[in-house]
Amino acid sequence: FNLRKTIIKEREIAQLKKDFSNAMIHNMRTPLGTIKMCNSFLYSGKINNNPELKEKYFNRIDDTVKDLISLVDQILTLFKSEYDKIHINYSVIDLESLINSLIDKYTIKANKPIQFITVLKVKTLVADKDYLKEAIGNLIDNSIKYSKDCIRITITSTEDEYATIISISDNGIGISKEELPIIFEQFKRGTAVEDSSIGFGLGLNYVSRIIQAHDGKITINSRENEFTEVSLYIPKK
């Protein structure tokens with residue numbers, strides 16, 4: 001019986017390693033391709049007489065490198081949460097300023113028309129600023145990746161007696177009800193994008209663990225081919 005349990009456990013670990021390797025390949029392929037493309041343009045000398053365009057390519061490389069560093073930091077956080085509690089540095093956060101900075105960032109990065117709608121009834125809260133920014137940024141990034149031709153993202157903040165609730169909703173490809181129960185697991189994503197090259201579900205698992213580290217919860221509501229809404233519940237301090 002113990003041998004059977006050991007074999008099953010070893011198979012689970014082997015599958016986890018395989019899934020992790022696939023996740024890294026998919027998540028790093030696009031940014032590395034972007035860096036290579038930008039570098040080739042700059043190296044060719046074709047845009048030497050266009051300083052504004054050169055600066056645009058340099059900025060694109062810089063932003064992409066920051067995204068790769070952020071991805072590595074997220075992976076380290078996920079591994080840390082397996083063995084130790086994530087340390088949260090609480091402070092009062094200007095939520096409106098934080099969200100506006102993310103909107104500016106992702107509006108520039110998006111390669112298709114994008115519209116942001118914000119309805120912030122709560123504009124400050126107590127949380128870890130860096131982790132919260134990463135969490136909301138991941139959700140915005142997912143909305144853009146798994147979108148249709150035109151993107152509409154709505155960000156709201158409300159509160160109840162116990163928590164501040166931040167919701168990010170979109171008009172993207174959605175998630176089937178069969179897949180919703182597993183969407184927060186490591187390396188999971190919907191089958192609607194299972195054969196694409198735009199990344200595995202590191203982001204949602206990361207967001208889930210960050211919110212859990214705040215002693216909060218995360219919920220998701222989605223309908224395939226219509227919308228997805230993710231809500232973060234941050235307990236009041």
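## Surface and overall make-up

The accessible surface of the chain in this predicted model comes to about 14100 Å², and carbon and sulfur atoms hold 52% of that area. Of the 237 residues in the chain, 42% are buried. Among the contacts in the chain with a separation of 6 or more, 69% are made by residues 24 or more positions apart.

Five helices and seven strands are present in the chain, and along the sequence they follow the pattern α-α-β-α-β-β-α-β-β-α-β-β.

## The nonpolar cores

The largest nonpolar core has 34 residues, and those with the most contacts inside it are Leu-125, Leu-132, Ile-136, Ile-140, Ile-153, Ile-166 and Leu-232. Apart from this core lies another, made of six residues, including Ile-86, Ile-88, Ile-210 and Ala-213.

Ile-136 shows in more detail what such contacts look like: when residues up to four places away in sequence are not counted, Ile-136 touches Leu-95, Leu-98, Leu-102, Ile-166, Ile-168 and Leu-232.

Helix α3 spans residues 95-109, and its 15 residues reach 21 Å from the first C-alpha to the last, close to the 21 Å expected at 1.5 Å a residue.

## Ser-208 in helix α5

Ser-208 belongs to helix α5, which runs over residues 202-213. Is Ser-208 buried or exposed? With a relative accessible area of 8%, Ser-208 falls under the 20% limit and is therefore buried. Once its neighbours within four places in sequence are left aside, Ser-208 is in contact with Phe-184 and Ile-218.

## Cysteines

A disulfide is a covalent bond between the sulfur atoms of two cysteines. With a pair of cysteine sulfur atoms required to lie within 2.5 Å, the count of disulfides in this model comes to zero. Cys-38 is buried, with a relative accessible area of 1%, whereas Cys-150, at 49% relative accessibility, counts as partly exposed.

## Loop residues with positive phi

Asp-215 is a residue other than glycine with a positive phi, near 65°, and is found in the loop between α5 and β6 (217-223). Its relative accessible area of 52% is over the 50% limit, so Asp-215 is exposed.

Asn-225, in turn, has a positive phi of about 70° although it is not a glycine. The place of Asn-225 is in the loop between β6 and β7 (227-235), and at 51% relative accessibility Asn-225 counts as exposed, because this value is also over 50%.

Definitions and conventions
Residues numbered from 1 in each chain as written. Predicted model: local features only at pLDDT ≥ 70, side-chain atom pairs only at ≥ 80, totals over all residues. Heavy atoms only, no water. Core = buried A, V, L, I, M, F, W, Y, C linked by side-chain atoms within 4.5 Å. Buried < 20%, exposed > 50% of the residue type's maximum accessible area, 1.4 Å probe, protein only. Contact = heavy atoms within 4.5 Å. Helix = DSSP H or I, 4+ residues; strand = E, 2+ residues; numbered from the N terminus. Areas by Shrake-Rupley, 256 points an atom, 1.4 Å probe, with all protein chains shown as cover. Expected span 1.5 Å × (residues − 1).
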